[in-house]
Amino acid sequence: MPGDAGWTGRSVINYTLEICAQCRLPFAADSTKPWLRKCTPCWKLGKGYVLGKADRDQQFLARQLDDMARRCAPAPAPALSRDVVTTLITLCHPDKHQNSAVATRATAMLLDLRSVVNGR
Ligand SMILES: [Zn+2]
């Protein structure tokens, strides 16, 4: 775009965060070359090169990023069983709440939920 702080006409590589097919750590992959599935250190080791400081730093940062992502990942939500959903329907059924609109809506949502919770 004209006037964009000198970027006009320059080739800008778009990177995406991918997981290395060999070491399973994250790495910045050139999105224009989707066939490159390994991080640079793994690619170099596969070709018999000795890793330099920049490669070891990349591996260190990838491990740090992977560890941070694992620690920040949300815990899986506990699964609702069909029996639990049936109990909730019984408790909030409109018949037990003077046919209130809220109870009717909640029961409808629970009935939808029960239809997708198959026998768990
Ligand atoms: Zn790798």
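**View 1. Ile-13 sits in the segment ahead of strand β1.** Welcome to a predicted model, in which local features need pLDDT of at least 70 and side-chain atom pairs count only at pLDDT 80 or more, while totals for chains, interfaces and linings use all residues. Residues are numbered from 1 along each chain as its sequence is written. Ile-13 is exposed, because 9 other C-beta atoms lie within 10 Å (exposed means 12 or fewer other C-beta atoms within 10 Å of the residue's own, buried means 20 or more, and partly exposed lies in between, with C-beta atoms placed from the backbone). Leaving aside residues up to four places away in sequence, Ile-13 touches Asp-30 and Thr-32; a contact here puts two C-beta atoms, placed from the backbone, within 7 Å. Ile-13 and Ala-29 are 16 residues apart in sequence, and their C-alpha atoms are 9.7 Å apart in space.

**View 2. The whole chain has four helices and two strands.** These elements are DSSP runs numbered from the N terminus: helices are H or I with at least four residues, strands are E with at least two. Along the sequence they follow the pattern β-β-α-α-α-α. Of the 120 residues of the chain, 6% count as buried.

View 3. The average pLDDT (the predictor's confidence in each residue, from 0 to 100) is 86, and 88% of the residues score at least 70. Residues 1–7 stay under 50, and the model gives them two contacts beyond four places in sequence. Where pLDDT is low, the predicted coordinates should not be read in detail.

**View 4. Helix α2 covers residues 53–72.** Its 20 residues should span 28 Å at 1.5 Å a residue, and its end C-alpha atoms are 28 Å apart, which agrees; the expected span is 1.5 Å times one less than the number of residues. Helix α2 is hardly covered, with one buried residue among its 20.

**View 5. Helices α3 and α4 meet.** The axes of α3 (residues 82–92) and α4 (residues 101–116) come within 9 Å and cross at roughly 165 degrees. Axes are lines fitted to C-alpha atoms over the stretch in contact, with angles from 0 to 180 degrees between N-to-C directions. The two helices are therefore roughly antiparallel, a term for angles over 145 degrees. On the α3 side, the residues that meet α4 include Val-85, Leu-88 and Ile-89; among their α4 counterparts are Ala-103, Leu-110 and Leu-113.

Notes
Parallel < 35°, antiparallel > 145°, perpendicular 65-115°, else oblique.
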